[in-house]
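Please look over the sequence and the structure shown here before reading the short report that follows.

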Amino acid sequence: MAKIKVATVSLAGCFGCHMSFLDIDERLIALLEVAEFDRSPLTDIEHCGPCDVGLIEGGVCNAENVHVLREFRKNCKTLVAVGACAINGGLPAMRNQFALEECLLEAYRDGIGVENPHIPNDPELPLLLDKVHPIHEIVKVDYFLPGCPPSADVFWTFLSALLAGREPSLPYELVHYD
Amino acid sequence: MSGTINIDGKTVPYRDGQTIMDAAIAAGIYIPHLCHKPGFTPHGSCKLCTVKVNGRNCSACTFPAADGQVVINTSDELLQDRRRITQMLFVEGNHFCPSCEKSGNCQLQGVAYHLNMLDNHFPHFYADRRVDASHPDIMIDHNRCIFCNLCVRASREKDRKNVFDIAGRGINKRLIVNSVSGTLKDSAISVDDCAAHICPTGAILIKRSAYRLPIGQRTYDQRQISDVALSGEVEHGQD
């Protein structure tokens, strides 16, 4: 039987959700019996190909995030918002209280210890969006795994159900937003 | 005068003057709620206690019990409605639980866990209201306020001070402080007041008291809000 293809990505994330995913520890070996990774920070694959499951960590904070998220949506049969940031923007969305220019000036011009103060303007750098957004405001999302980060058991419970063809659900003990 | 009502097939007695919520709590039946608190005038703003009474949706906290009423409290439809209502409360404010000191002890979060709410469904408002940190012992993060009015009622009914009010209309409504400057430091509130401790969310906080309880020992880490609410609450008017 062909292995299930899983792609993962961190957008405006901290990689904490990926670390929590790896916290399934030795269960990762069992997972790799039935699943293989497509594009992911854990592989060298640059673009997301046709996949069964896409796990998205982080909100959407810049133009590149939008392109990557759309590529994942186009290629993944099931798209999953993983963690608080993907679900509601998370703590990075606390910058939504400030004008984007204020944030950039504070970081690159007015901040303590800044040398050669100027806002980076190389076209290779993705432009920031004026606000941070949850991923469901950009693309359709099939499942949500709350938590900052979701626990390893959340990943395991969810993936086990999905791989077995059952409708995933999370019991009370596994639902946390913090 | 008294009689019985029927909640989800169970016969529940009530006394005259009791609401459906009062009768349910007395009988050990949990109806999800945020703005209701036994001992305080019912408010009817959160709508989480919506139940079906004789086929119509009503707020259990304000609807008087009447003999022979058939009340549905548990159904898929009500669960979906309550989940949507809770999602509305989440997107209207900035409920970033990972950085909130009320996390684990928050009734809004506790209700959302109870309803198995996994996402916020709606686009976010990203409210932009200023924090009031002027008072030496108490602070307000207005972006976490759900306008339950409990601090308003507590200040008036328990503390006899009238420190808070809700002002503005529609989405622009906000919690205000009745002081000349509009800030907490110039109001009559003190850290011992009921109003300082009654907030069900992380909107009104006591300074220097954050993160005292280890994860795993907080209120809703182990017990569902349905259980906590019933064990801690007494009937309306019997504080």
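How much area is buried between chain A and chain B? About 2300 Å² is buried between the two chains, and carbon and sulfur atoms give 56% of that area, where buried area is the accessible area (1.4 Å probe) that two parts lose on being put together, summed over both.

## Basis of the model

This is a predicted model, in which local features need pLDDT of at least 70 and side-chain atom pairs count only at pLDDT 80 or more, while totals for chains, interfaces and linings use all residues. Residues are numbered from 1 along each chain as its sequence is written, chains are lettered from A in the order in which they are written, and side-chain values use heavy atoms, with hydrogens and water left out.

## The contact between the chains

Chain A brings 24 residues to the contact and chain B brings 34 residues, contact meaning heavy atoms within 4.5 Å. Gln97(A), Tyr172(A) and Tyr177(A) supply 36% of the area that chain A buries against chain B, more than any other three residues.

Between chain A and chain B there is 1 salt bridge, a term for a side-chain nitrogen of Lys or Arg within 4 Å of a carboxyl oxygen of Asp or Glu. Asp178(A) forms a salt bridge with Arg218(B), and their closest N and O atoms are 2.8 Å apart.

## A sheet in chain B

In chain B, 3 strands form an open antiparallel sheet in the order β6-β7-β10, strands being DSSP runs (E, at least two residues) numbered from the N terminus that pair if DSSP finds at least two bridges between them. The edge strands, each pairing on one side only, are β6 (131-132) and β10 (204-206) of chain B. Strand β7 (residues 138-141) of chain B is joined to β10(B) by 3 bridges, and Ile140(B) has Ile204(B) as its bridge partner in β10(B).

Technical notes
Helix = DSSP H or I, 4+ residues; strand = E, 2+ residues; numbered from the N terminus.
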